[in-house]
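Please work through the following exercises with the sequence and the three-dimensional model at hand. Each task is followed by a solution in steps.

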Amino acid sequence: MILGFLGCGNISSVIVNYLIHSNLDIRPKYFFDKFTDKSKSLSSLVNGVVVKDFNRMLNKVDIVFEAASPSAIKEYGLNIVNSGKSLIIMSVGSLMDKNFREDLIQVAEKKNVKIYVPSGAVIGLDGIKSASIGNLYSVSLITRKPPKALNQNENIEKVVFEGKASEAIKKFPLNMNVAVSLSLVANKDIDVKIISDPSISQNIHQIDVKGDFGQFSTRISNSPCRSNPKTSLLAAYSAINLFEKLDKNLYIGV
């Protein structure tokens with residue numbers, strides 16, 4: 001399987017370094033980033049190809065891995081699936097736009113390709129998906145991050161947002177993938193509170209779910225990627241887990 005990259009930042013770097021040492025039948029080969037120095041640096045690890053015109057890459061790959069931004073998915077996503085290529089999306093915030101999401105799904109169905117969204121920096125999505133078969137009464141998320149991750153300068157604990165996920169992703173487009181993932185699997189615009197907390201060094205997500213199944217809560221403290229405090233290392237690991245699934249025939253916990 002030939003893999004092309006849309007976005008060559010920290011998550012893509014973790015993916016490439018893993019694939020280099022794995023036995024998976026997945027070959028990272030083509031690299032596109034609006035910052036050419038990033039694509040050059042990452043491609044050099046595998047003797048890959050730096051792509052300057054993204055759309056010209058599409059007839060050379062089997063699947064595209066996106067780790068760029070919601071705007072990048074909106075710019076290139078439809079072209080990717082329309083070219084008959086499957087797509088892995090890390091910037092799930094782009095899918096909060098219902099019209100865009102439905103257009104993307106419609107084209108993917110027409111072209112018989114898949115769109116994959118790794119679980120990212122959160123746990124419990126499998127439970128929420130199962131619970132949503134019945135009635136979900138409420139799903140809420142409280143996220144705590146260090147001020148730097150939220151572009152905050154004040155050295156005090158502060159609630160920087162409280163409202164719905166659809167509004168949170170507009171205010172923090174690079175920070176709210178967890179909220180969007182939860183909303184999509186729950187089929188509702190969940191309640192979100194975001195707290196800037198100078199006393200912590202990790203990204204903390206508290207999720208509370210109630211429904212006719214009962215209730216559950218999860219709390220995860222994620223270590224951020226060293227080069228990007230806005231990104232949790234678990235998000236990169238979730239993408240690796242997806243690649244492992246694509247290469248195997250037995251799936252557990254899906």
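The exercises begin with the whole chain and then turn to single residues.

The model is predicted, so local features need pLDDT of at least 70 and side-chain atom pairs count only at pLDDT 80 or more, while totals for chains, interfaces and linings use all residues. Residues are numbered from 1 along each chain as its sequence is written, and side-chain values use heavy atoms, with hydrogens and water left out.

**Exercise 1. The chain as a whole**

Task: Determine how many helices and strands the chain has, and why it counts as compact as a globular protein of its length.

Solution. 
1. The secondary structure amounts to 8 helices and 13 strands. Here helices (H or I, at least four residues) and strands (E, at least two) are DSSP runs, numbered from the N terminus.
2. The chain is as compact as a globular protein of 254 residues because its radius of gyration, 18 Å, is close to the 18 Å given by the globule rule. The radius is taken over C-alpha atoms, and the rule is 2.2 Å times the number of residues to the power 0.38.
3. The C-alpha trace spans about 45 × 45 × 35 Å along its principal axes.

**Exercise 2. Burial, contacts and charge**

Task: State what share of the residues is buried, what share of the contacts joins residues at least 24 apart, and how far apart the centres of the two charge sets lie.

Solution. 
1. Of the 254 residues, 47% are buried. Buried means under 20% relative accessible area, exposed over 50%, and partly exposed in between (1.4 Å probe, protein chains only).
2. Consider contacts (heavy atoms within 4.5 Å). Among those between residues at least 6 apart in sequence, 69% join residues at least 24 apart.
3. There are 31 positive and 23 negative side chains, and the centres of these two sets lie 4 Å apart. Lys and Arg count as positive and Asp and Glu as negative, whereas His and the chain ends are not counted. Each charge is placed at NZ of Lys, CZ of Arg, CG of Asp or CD of Glu.

**Exercise 3. Helix and loop serines and an isoleucine**

Task: Identify the partners of Ser-166, Ser-181 and Ile-123.

Solution. 
1. Ser-166 is in helix 6 (residues 165–171). Not counting residues up to four places away in sequence, Ser-166 touches Met-96 and Asp-189.
2. The side chains of Ser-166 and Asp-189 make a polar contact at 2.6 Å. Such a contact is a pair of N or O atoms within 3.5 Å; within protein, one must be able to donate a hydrogen and the other to accept it, and residues adjacent in sequence count only if both atoms are side-chain atoms.
3. Ser-181 sits in helix 7 (residues 177–186), and Ser-181 is buried at a relative accessible area of 8%. Leaving aside neighbours within four places in sequence, Ser-181 contacts Val-92 and Leu-125.
4. Ile-123 is in the loop between strand 6 (115–116) and helix 5 (125–131). With 39% relative accessibility, Ile-123 is partly exposed.
5. With neighbours within four places in sequence set aside, Ile-123 is in contact with Ile-207, Thr-218 and Ile-220.

**Exercise 4. Positive phi**

Task: Examine the phi angles and the exposure of Asn-47 and Asn-187.

Solution. 
1. Asn-47, a residue other than glycine, has a positive phi near 55 degrees. Asn-47 lies in the loop between helix 2 (36–43) and strand 3 (49–50) and is exposed at 65% relative accessibility.
2. Asn-187 is not a glycine, yet its phi is positive, about 60 degrees. Asn-187 lies in the loop between helix 7 and strand 9 (191–196), and its relative accessible area of 62% makes Asn-187 exposed.
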